[in-house]
Amino acid sequence: MSESTSDVARASGEWAGGEVAALVPVHLEMRDGCLLVVSTDGVTTFARWPIATLRLDAMHEGSLAHIESSSDPGRAATTVDDAFLAALRAAGARRAGLPVRRRGALALACAAAVVAIFGGLYAVAPWVSRAIAQRVPLDVERRLQPRFAGLFESRTCRTPGAQAALVVLRDRLDPTGSIHADVRVVNLDVPNAFALPGGTVLLTRALVEGAESGEEVAGVLAHEMAHVRHRHVLAELIQDTFMSSVWAATMGDYSSLLVVDPRTLEHLIELRQSRDVEAEADRTGLAMLADARVSPAGLAAFLERNGFAGGDGELTFLSTHPSTANRLQVIRSAPVVEGPPVLTPGQLDALRKACAGEPEIRSLRDLFH
Amino acid sequence: MGLMQEVAPYAVYRMAPPIPRLEVRYMGTGGGLFFVAIKNLLLTLITLGIYSPWARTERRKYLWQNVEVGGQRLRYHGTGAELFVGYLKVALVYGVLFGVPMVISMVNSIAGLIVQVLGFFAIVLLIPIAIYGSRRYRLSRTSLRGVRFGQDPGAKGFLRVYLVTFLLSAVSFGLYMPVGQNHLHEYLTSRSRYGSERFAYDGSDSDAWRIVFVGMLLSMVTLGIYYPWYMAEFARFRVSHTIFQGARGQLDLTGGDVWKILLVAVFGTIFSLGIAVPWITTYALRVVTAKISFNGQIDYARVEQRPVEGGAAADDLASALDVGIDL
């Protein structure tokens, strides 16, 4: 127990001198602006530390506190006497860390700041990455991803008739050639279309073979060319690289502690952003169709038949695309501007036969064989 | 036989002095650890990761200094600055190991491939060195009763035992692995010191092999249900064969305890989306440390201070290679 007179406070404690691990029972005395560490028989004074140099390290109220002095490193006195420690603090000794009450408030403030910073980054990242992507020349983007081009090069179907039909479609949708899309048919047995880095647009064999009109192919192509116009692919790469770096730099030490991948929330946000990007590509694609005087009914028919990218009656928040029902609603509400057919029957037939005679590739894995 | 002869052994038993018992406790709280974690996260985020070495130090300091051994708290003396310098050294090594093959590949692809393969083997060799050095760094920055722990130099020897374990385990289809791991543990423990006094390890290879073999077999047969009992038995084996002066380690952890910790960890993390991790860590540390004790006489007067040895670079390397050990 601590005792105090008008100018002296005392407590019992132990002395760790730093030479051996045996502790010495001592009296701690606060006197004349100093802490005296004295043997219990009063014969030996182990330390005389100015209170201004003291650092008190108690993890909790009532736990063993270490008292150290910056003037005498490697040595410490210990005590469990809270009253004595309070007297030292009142006299000017520093405490290590914050009191429990202030810790709670600061923890909440830190948590709020972390959420705000991550929220701000996710709000700003799409705009910034898109602005950067728009400033990267397309040929530079092509050089960034040479493997994509190489991968599909050998699987591209190139009959003269199909190539001519693709040029007709592309020029109808982009008469000024400002989008610089490189449109190809790839030998893949899944009805789908992709926009790749560098402006490459792939229509699959199954898509062109199953198309009932040139307008269906034009509708899908307009959507993919809209991705190229907005540089969605590069913007996504930039955003993903940036956010991954932020996560790796900040969560690297903690992620191994978690059973749940801490990036689950990030993936959900990315899916939401992906749905926004797809909706934007739908809107731009519809505008391109209107400018080219191509009916959007073809795109609607294609989506209805193939039930593209799901979401209906499923967990929409886990989907990369908006639900087909929503997409159809947007497409059907778009203005219909009828023009001449986009492809002649002969051109459509040539396009459908783009991969005729080529062995079918049923999955992406087959691309590597 | 007379009555006196009958009761004498009982009298001797009663008069034997009790064996001193050194208990371990973790005194930290979930709230305290959460504060450290969230503060670290914020500062690491603001500084784009530069604060990371200081964050690691803060976290260790909180964990270490809340452990009481025989009523005295551990102290952690590592600093963020020394970890940061170590981090720069590791970044340089990584730059050489990955950058040089890349540059050579631009000139000659075959030569680049050869250098890449050599770089891969260099990283494999760095793993045991990182494990040994990281442990050495952490022990040398930990003190109890004003005296630091330590580990003697010996990374080359550890590398040798590691490679022998690796090769013989490969040749024996894994049958040698428990024995090799026992040798590695023995190597680390017997070179660990508290001040001037060394720890010792006397776990036999045959017992280690039996525990691992039976444990893995039963875990497979029971589709993993037995695994926590295996983990507990393995940990009990290691602790009970660790000796310091006249005291021997004891761990009373059971398979049921491990099951409870695993269930709390898995479900607590999932249902709190990870926010409860500091409280789960605290729960696990409290359960495990409360089961650890050392039984026997320790003469603290014989435990003399030794100079601090061991740089932080190995600790950073262990962290980069994800082979670091923690509390």
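Two strands are taken to pair if DSSP finds at least two bridges between them, and on that basis B:E23 stands opposite B:S293 in β10(B). The model described here is a predicted one.

- Strand β1 (residues 21-26) of chain B runs antiparallel to strand β10 (residues 292-295) of chain B, and 3 bridges join the two.

**An open sheet in chain A**

- Chain A holds an open sheet of 4 strands in the order β10-β11-β13-β12, with mixed pairing.
- At the edges of this sheet stand β10 (156-157) and β12 (193-195) of chain A, and because each has a single partner strand, one side of each is left without a neighbour in the sheet.
- Strand β11 (residues 182-186) and strand β13 (residues 200-204) of chain A pair in the parallel sense over 5 bridges, and A:R184 stands opposite A:L202 in β13(A).
- Helix α7 (residues 214-229) of chain A packs on the sheet by touching β11, β12 and β13 of chain A, with its direction at about 150° to that of β13(A).

**Nonpolar cores**

- The largest nonpolar core has 50 residues, of which A:L203 and A:L221 touch the most other members, while the largest share of this core, 8 residues, comes from α7(A).
- Leaving aside residues up to four places away in sequence, A:L203 touches A:V183, A:V185, A:A193, A:V208, A:V217, A:V220 and A:L221.
- Another core, of 22 residues, lies apart from the largest one and includes A:W15, A:V26, A:A58 and A:A65.

**Contact between the chains**

- The contact takes 34 residues from chain A and 38 residues from chain B.
- On the side of chain A that touches chain B, the elements giving two or more residues are α2 (100-135) and α8 (232-251) of chain A, and the largest share, 9 residues, comes from α2(A).
- The residues on this side of chain A divide into 22 nonpolar, 8 polar and 4 charged.

Technical notes:
Residues are numbered from 1 along each chain as its sequence is written. Chains are lettered from A and ligands numbered from 1 in the order in which they are written. This is a predicted model: local features need pLDDT of at least 70, side-chain atom pairs count only at pLDDT 80 or more; totals for chains, interfaces and linings use all residues. Two residues are in contact if their C-beta atoms, placed from the backbone, lie within 7 Å. Ala, Val, Leu, Ile, Met, Phe, Trp, Tyr, Cys and Pro count as nonpolar, Asp, Glu, Lys and Arg as charged, and the others, Gly among them, as polar. Axes are lines fitted to C-alpha atoms, for helices over the stretch in contact, and angles run from 0 to 180 degrees between N-to-C directions. A nonpolar core is a set of buried Ala, Val, Leu, Ile, Met, Phe, Trp, Tyr and Cys residues joined through C-beta atoms within 7 Å. A residue is buried if 20 or more other C-beta atoms lie within 10 Å of its own, exposed if 12 or fewer, and partly exposed in between; C-beta atoms are placed from the backbone.
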